[in-house]
Every structure is written in C-alpha cells, then in structure tokens.
Amino acid sequence: DLDVKNGCDLGAVAALLDGIGVRVYAAVATPSGGRHLYVAGHPDLPTVHAASGRDGLTNYPGLEVLSFGTNVFLPGTTRANGGQYEVL
C-alpha cells in the first residue's frame, strides 16, 4: 500500500521492487492518489502500517506492507467520501 498522503514516493518504491526482483501481479489506484500493489505473499513477511506520525517501512515513508490476515479495500469498493479503487 503506497500512501502518497503519508509521504510515499511511488517512483522510489517502483525502483526498490524492481531492484530486488519483486513481481507486481496487479496495481490499483486508490482514492487518495496512492497505489495498492499485489505481490506474492510469504508467511514470514510482517505487516507494517504507516500513518501520520508513523513512517511505515524503514526509509520508505508511507509504504505499508499488508500481509497475511490484514484487511484491504479492493476494486469495486466505494469509500464514504465517494472515492473508488480502480485497477490500473
């Protein structure tokens, strides 16, 4: 989950994932201008949340890892403010 409202740099994350060989299976635009990237999971991958005052993944502000057992909004969801999630 790339939260631009919390300082995530989409280009920096794309370069990081490419550099370590992570395959993105799907990308979804979020109502706030961020992205949800869907990648293969791993049981050892921890969940890391980001929010105001909580940076997220070390050195990547606004980057959250939502792993096993976490809830995410999917395409087709409409938020209370009318924002929608769209497959890119």
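Helices (H or I, at least four residues) and strands (E, at least two) are taken here as DSSP runs, numbered from the N terminus. The model is predicted, so local features need pLDDT of at least 70 and side-chain atom pairs count only at pLDDT 80 or more, while totals for chains, interfaces and linings use all residues. Residues are numbered from 1 along each chain as its sequence is written, and side-chain values use heavy atoms, with hydrogens and water left out.

**First stop: the sheet**

Select S1 (residues 24-29), S2 (35-39) and S3 (86-87). Two strands are said to pair if DSSP finds at least two bridges between them, and by that criterion the three strands form an open sheet in the order S2-S1-S3 with antiparallel pairing. S2 and S3 are the edge strands, each pairing on one side only.

S1 and S2 are joined by five bridges in the antiparallel sense, and they make a hairpin with five residues between them, where Gly33 in the turn has a positive phi of about 95 degrees.

Now pick Val28, whose bridge partner in S2 is His36 and which stands opposite Val87 in S3. Ala29 can be shown next, with Glu86 as its bridge partner in S3.

Then move to Ala27, in strand S1. Its C-alpha atom is separated by 4.6 Å from that of Leu37, ten residues apart along the chain. With contact meaning heavy atoms within 4.5 Å, and leaving aside neighbours within four places in sequence, Ala27 is in contact with His36, Leu37, Glu86, Val87 and Leu88.

**Second stop: Pro75 and Glu64**

Both of the next selections are loop residues: Pro75 is found between S2 and S3, and the place of Glu64 is also in the loop between S2 and S3. For accessibility, buried means under 20% relative accessible area, exposed over 50%, and partly exposed in between, with a 1.4 Å probe and protein chains only.

Pro75 counts as partly exposed because its relative accessibility is 36%. Not counting residues up to four places away in sequence, Pro75 touches Val28, Tyr38, Tyr85 and Val87. A C-alpha to C-alpha distance drawn from Pro75 to His36 gives 10.0 Å, for two residues that are 39 apart in sequence.

Glu64, by contrast, counts as buried because its relative accessibility is 9%. Leaving aside neighbours within four places in sequence, Glu64 is in contact with Asp1, Asp3, Val48, His49 and Ala50.

The side chains of Lys5 and Asp3 meet in a salt bridge at 3.8 Å, N to O. Lys5 counts as exposed because its relative accessibility is 57%, whereas Asp3 counts as buried because its value is 7%.

**Last stop: the pockets**

A pocket is an open set of points on a 1 Å grid over the protein atoms alone, where a 1.4 Å probe fits, with protein on both sides within 12 Å along at least five of seven lines; lining residues have an atom within 4 Å of a point. Grid points are joined across faces, edges and corners, and a volume is the space filled by probe spheres set on the points.

The largest pocket has a volume of about 620 Å³. To find it, select Leu37, Val39, Leu45, Val65 and Leu66, which lie nearest its centre among the 24 residues of the lining. Helix H1 (10-19) and strand S2 are the elements that give two or more residues to this lining, and the largest share, four residues, comes from S2.

For the second largest pocket, with about 300 Å³ of space, select Asp1, His36, Phe73, Arg79 and Tyr85, which lie nearest its centre among 16 lining residues.

Key: A salt bridge is a side-chain nitrogen of Lys or Arg within 4 Å of a carboxyl oxygen of Asp or Glu.
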